[in-house]
Amino acid sequence: MLGSSPRFFAGCVGALFAASLSTGLPTASDAAEAAEDGARSILLTPGMDYFGGDYETLKGVDLEACRDACLEDNRCSAFTFNSKAGWCFLKASASDARPFPDAVSGRVRIGQTTVSSPDLAASRSVELRFLPRGELDAARKLAARIAEAAPREQAPASLAAEARRAAANNPQRAADIYAAALRLSPDNRSLWLDLARTAMAAEPSDWQARQIFKQDATAAAVNAYWRSEGASDRADALVVLSRTLAERDDWRPAIRSLRASLALVEDASVRAEYDRLIGEHGFRVTGNEVDSDAASPRICLQFSDPLARDRGQLADFVRVTDRTDLPIEVEARQICIDGVEHGARYRIQVRAGLPAADGETLAKTSDLEIFVRDRAPMVRFLGRAYVLPAGGDPAIPVVSVNTDRIDAAVYRIGDRALGSAVASGRFRQQLSTWDAN
């Protein structure tokens, strides 16, 4: 019998290696899992290119035409469709799968209505490159630990029902029961999703135990995704995966997981969740700083993440309305606009698509209105100290900014006091408030 200790999950983590779904991939209807045509059907995988094996190239076609062409040709074992170029590459083999952002690949299945578990896991693993390798290893270890646990003398359906009853009041116990059910039914994606949700909801009093449950929630969600075949099932698993990552403040893969889900199925509530994550934790403009007290002021736009290292074209993503003469300088985490003037207002647009160093791009265009205020009033001497002549017309030069009056005090040191002033080091030096007093 599985105990309720969180240590059960601590050793139950593991995975397969993966690659990513990209933005701009087909939506659910385009990337539906399979299109049946008699004994031949197609398994589609977004974001992957089957390298080599080409025997014919069709140009100016869409995904559906590419898929149909492969189904109708018995020579075709697979295809890769370049969604950006509209080219379809029919292939006699599909042995070398490589991630490619603008590609959708299809593999022919003959006489199968479902995919075997190893084939399915291999197909799914290509779509998860956005996850750190450690998360994938954790998912595989979790599946192995569950498989090695002693079985309970109940059917999986009975254990699942028991876990659902426990979930509301004791998610930690429910997670253990779902794990016991998975020991008997390891390919049940619904049980993996339930395990992910309950492990995420578990809140043991010990901080370290809570972190273990959160990690295992992510591992369970990965296992659910590996066992998801249809586009809708995969999208649901990616949403749960995103939430487990967000629970751990792992924002970047959480955002990418939701993006992958939306590439499969466009859902209004998921889109709203994605927009919220992007706005709060994605690559974005975080603020601006105006160096208005400098003689030559400038405006600097600040970003949440380092900008792409190849900064040659990044200035093209920033535009100042009605001005094309202002120099734009790109730095590590900010873009600065020089040549602005005091007392002027500037409308600045940062265009969507601006790349960060890690490959993320600015999701939405930002329109900013920034005022460069006048310099703050300031007064200073040109030198450090002065000794005025006894006669004539003595003067002390003063530089002022935005003020025509200063409050000054002049101290006279008598002849007899000069010696002590020199000895104390105050002669020809700045006077502190204490020295002046």
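Which residues in α6 meet which residues in α7? Hi everyone, let me start there and then walk you around the rest.

A word on the ground rules: this is a predicted model, where local features need pLDDT of at least 70, side-chain atom pairs count only at pLDDT 80 or more, and totals for chains, interfaces and linings use all residues. Residues are numbered from 1 along each chain as its sequence is written, and side-chain values use heavy atoms, with hydrogens and water left out.

Back to that opening question. From α6 we have P171, A174, A175, Y178, A179, A181 and L182, and they meet L191, W192, D194, L195, T198, A199 and A201 in α7. Contact here means heavy atoms within 4.5 Å. The residues of this contact divide into twelve nonpolar, one polar and one charged. For that sorting, Ala, Val, Leu, Ile, Met, Phe, Trp, Tyr, Cys and Pro count as nonpolar, Asp, Glu, Lys and Arg as charged, and the others, Gly among them, as polar.

How do the two helices lie? Helix α6 covers residues 171-184 and helix α7 residues 189-201, and they pack at about 155° with their axes 8 Å apart. Axes are lines fitted to C-alpha atoms, for helices over the stretch in contact, and angles run from 0 to 180 degrees between N-to-C directions. The pair is therefore roughly antiparallel, a label for angles over 145 degrees. The crossing of α6 with α7 is left-handed, meaning that the near helix is turned anticlockwise from the far one by less than a right angle.

Now the wider view. The protein chain has 13 helices and 15 strands; these are DSSP runs numbered from the N terminus, helices being H or I with at least four residues and strands E with at least two. Of the 437 residues, 43% are buried, which is to say under 20% relative accessible area with a 1.4 Å probe, protein chains only.

Helix α8 (residues 207-226) and helix α9 (residues 231-247) pack at about 165°, their axes 9 Å apart. That makes α8 roughly antiparallel to α9. Their crossing is left-handed. Among the residues meeting here are A217 and A221 in α8, and L238 and L241 in α9. This contact divides into ten nonpolar, two polar and three charged residues.

Stay in α9 for a moment, and find S242. Is S242 buried or exposed? At 1% relative accessibility, S242 counts as buried. Leaving aside residues up to four places away in sequence, S242 touches A254, S257, L258 and L277. Its C-alpha is 8.8 Å from that of A221, which is 21 residues away along the chain.

Another one to look up is L142, in helix α4 (residues 133-148). L142 counts as buried because its relative accessibility is 0%. L142 and N223 are 81 residues apart in sequence, yet their C-alpha atoms are 8.7 Å apart.

Last stop, a sheet. Four strands form an open sheet in the order β7-β8-β11-β10, with antiparallel pairing; two strands pair if DSSP finds at least two bridges between them. At the edges stand β7 (285-290) and β10 (328-330), each with a single partner strand, so one side of each has no neighbour in the sheet. From one strand to the next, the twist averages 20°. β7 pairs with β8 (residues 298-303) over five bridges, and E289 has C300 in β8 as its bridge partner.

Definitions and conventions. Buried means under 20% relative accessible area, exposed over 50%, partly exposed in between (1.4 Å probe, protein chains only). Angles under 35 degrees count as roughly parallel, over 145 as roughly antiparallel, 65 to 115 as roughly perpendicular and the rest as oblique.
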